[in-house]
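Reader: I'm new to this one. Can you put it up and walk me through a few spots?

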Amino acid sequence: MEVWGSDYFNAEVQAHITLREDGIGRFQFGYVGGQLDYRETTRDRKAALEWSWVGRDHGGGDDVSGRGWAVLREDGGLEGRIFLHMGDDSGFGAVVG
């Protein structure tokens, strides 16, 4: 992640995004985790996903929400951006595992 270092984004568990074929997924980075609702699309002529999400900041105990997007890289990983509603946003990269 471009904004938070690995000491934060892997603080509680290994940061991850898990996507199901039915358009629902889960994620966690740092103390923020939640459920996302995604749609397949294209972005700059590349296969992509866009989503909204709701979750919880386990560090502060607050309900949080936001949106995000990711494009499929040639190596099969993802590269995108996640936004916290009325808060920070960060670029990220993910490997498929």
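Reader: Is Tyr31 buried, partly exposed or exposed?

Author: Tyr31 counts as partly exposed, at 32% relative accessibility. Buried means under 20% relative accessible area, exposed over 50%, and partly exposed in between, with a 1.4 Å probe and protein chains only.

Reader: Before we go on, what kind of model is this?

Author: It is a predicted model: local features need pLDDT of at least 70, side-chain atom pairs count only at pLDDT 80 or more, and totals for chains, interfaces and linings use all residues. Residues are numbered from 1 along each chain as its sequence is written, and side-chain values use heavy atoms, leaving out hydrogens and water.

Reader: How many aromatic pairs are there?

Author: The count comes to 4 aromatic pairs. Rings of Phe, Tyr and Trp (its six-membered ring) pair if their centres lie within 6.5 Å; planes under 30 degrees apart are stacked, over 60 edge-to-face, the rest tilted.

Reader: Why is the pair of Tyr8 and Tyr31 edge-to-face?

Author: Because the ring planes of Tyr8 and Tyr31 stand at 65 degrees, with centres 5.9 Å apart. Tyr8 sits in helix H1 and Tyr31 in the loop between S2 and S3, so the pair ties together parts 23 residues apart in sequence. Helices (H or I, at least four residues) and strands (E, at least two) are DSSP runs, numbered from the N terminus.

Reader: And what about Phe27 and Trp53?

Author: Their planes are at 80 degrees and their centres 5.0 Å apart, so this pair is edge-to-face. Phe27 is in strand S2 and Trp53 in strand S4, 26 residues apart. Phe27 is buried at 5%, and Trp53 is buried at 2%. Ring pairs link Phe27, Phe29 and Trp53 into a cluster.

Reader: New topic. Where does Gln28 lie?

Author: Gln28 lies in strand S2, residues 24-29. Gln28 is buried, with a relative accessible area of 12%.

Reader: Which side chain does Gln28 meet in a polar contact?

Author: That of Glu12, at 2.6 Å. A polar contact is a pair of N or O atoms within 3.5 Å; within protein, one must be able to donate a hydrogen and the other to accept it, and residues adjacent in sequence count only if both atoms are side-chain atoms.

Reader: Last one. Which strand holds Arg43?

Author: Arg43 is found in strand S3. Arg43 is partly exposed, with a relative accessible area of 28%. The C-alpha atoms of Arg43 and Gly66 are separated by 19 Å.
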